[in-house]
Amino acid sequence: MKQVKTKVAEIWAIGGGKGGTGKTFLFSQLATYLALKKKQVILIDSDFGGANLRYFFNIKKSEKSIKNFFVNKEPLENLLSHTNIKNLKIITGDRNSISISSIKYSQKMKFLRHIKMLNADYILIDLGGGLNFNTIDIFLLADKMIVITVPEITAIDNLFQFVKNAYFRNLNFLLKKHKLKDAAKNIWEDRKIYGIKDIVDLTDYIKGNLDFDGSISKKISEFSIFIVLNKLRNPNEINQGFSIKSLCIKYLGIPSIYAGYIASDDNFRKNLSISDYLPKFNISTRIQKEITEIAENIINKEQIKISNIKNA
Ligand SMILES: Nc1ncnc2c1ncn2[C@@H]1O[C@H](COP(=O)(O)OP(=O)(O)OP(=O)(O)O)[C@@H](O)[C@H]1O
Ligand SMILES: [Mg+2]
């Protein structure tokens, strides 16, 4: 039966960085947290190559997965699976039938439209790693864009590259929409003449010289990311979130919110079904506290609280 849409959902997406940094883990936790707050939540596994969200909820390989949307043209709302958490439904992925790079432009646009049509308070989209432009476009759809990394230089570099690519793609869309793409390209090619060194200078130039009605500047200023650090082994590593924040503003001009961190927990196992512990949301009281802080900071667009860091 066709559902009547009554809510405008807030969309969160998690992407970027290396594989295994905890994207799926964090989103399964955040979705559970929101559902326990009595919000209607839909979690979508859009990690086409590495779909594994269903394992986190102990859902058997179901008849219905995202494959039915891309291959059989079924509407997304028909593909919701129930979880054992009230208010939380998921759309499972299918790692064998579709690859992210094979999705055509029209399919992608339809997918993005259908996500927006889903009836929920929150829609959370779990993405795969890597820099594929289809992944980035789904990421850019979100009202709240979240990235997660472990405190290792290679992982942080991966995350930085992802944010940079997302920022460029967004800028590109804006310039294209305002028919300024060629002008900006020429300026970038002749950047020495214009005294432009990097993307921050280019953005400033566009804002000051090409953006006559201020609409591009407004959109650019809305581009912001939430940063989460995972698998910390030492309280000193907490500060790396602030370093990533500084990198984003210095080299890309992107404001960000350091939403929180999660310590590494040797007690939890990949094959431990989340249904065993999530309904009570008590993997450990420490992780529960960390997830709560991250979720509330994302909801309220607030930075991690310094007092909590001092007590870590
Ligand atoms: N804080 C943590 N402490 C210990 N193990 C963790 C922590 N966070 C995640 N893990 C484990 O790390 C592994 C990778 O996590 P997850 O699958 O969420 O990563 P991912 O970023 O989604 O990876 P991929 O890019 O492959 O989808 C899982 O086994 C997960 O249980
Ligand atoms: Mg994953």
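These exercises work through salt bridges in the structure above.

This is a predicted model, in which local features need pLDDT of at least 70, side-chain atom pairs count only at pLDDT 80 or more, and totals for chains, interfaces and linings use all residues. Residues are numbered from 1 along each chain as its sequence is written, and side-chain values use heavy atoms, with hydrogens and water left out.

**Exercise 1.** Find the partner of Glu-10 and state which strands the pair ties together.

*Solution.*
- Apply the criterion: a salt bridge is a side-chain nitrogen of Lys or Arg within 4 Å of a carboxyl oxygen of Asp or Glu.
- Lys-144 is the partner, with the closest N and O atoms 3.0 Å apart.
- Glu-10 sits in strand β1 (residues 10-15) and Lys-144 in strand β6 (residues 144-149), so the bridge ties together parts 134 residues apart in sequence.
- Strands (E, at least two residues) and helices (H or I, at least four) are DSSP runs, numbered from the N terminus.

**Exercise 2.** Classify Glu-10 and Lys-144 as buried, partly exposed or exposed.

*Solution.*
- Use the cut-offs: buried is under 20% relative accessible area, exposed over 50%, partly exposed in between (1.4 Å probe, protein chains only).
- Glu-10 has 24%, hence partly exposed.
- Lys-144 has 4%, hence buried.

**Exercise 3.** Locate the bridge between Arg-286 and Glu-290.

*Solution.*
- The closest N and O atoms are 3.9 Å apart.
- Both residues lie in helix α12 (residues 285-300), four residues apart, about one turn of the helix.
- Arg-286 is partly exposed at 42%; Glu-290 is buried at 9%.

Terms used:
Chains lettered and ligands numbered in written order.
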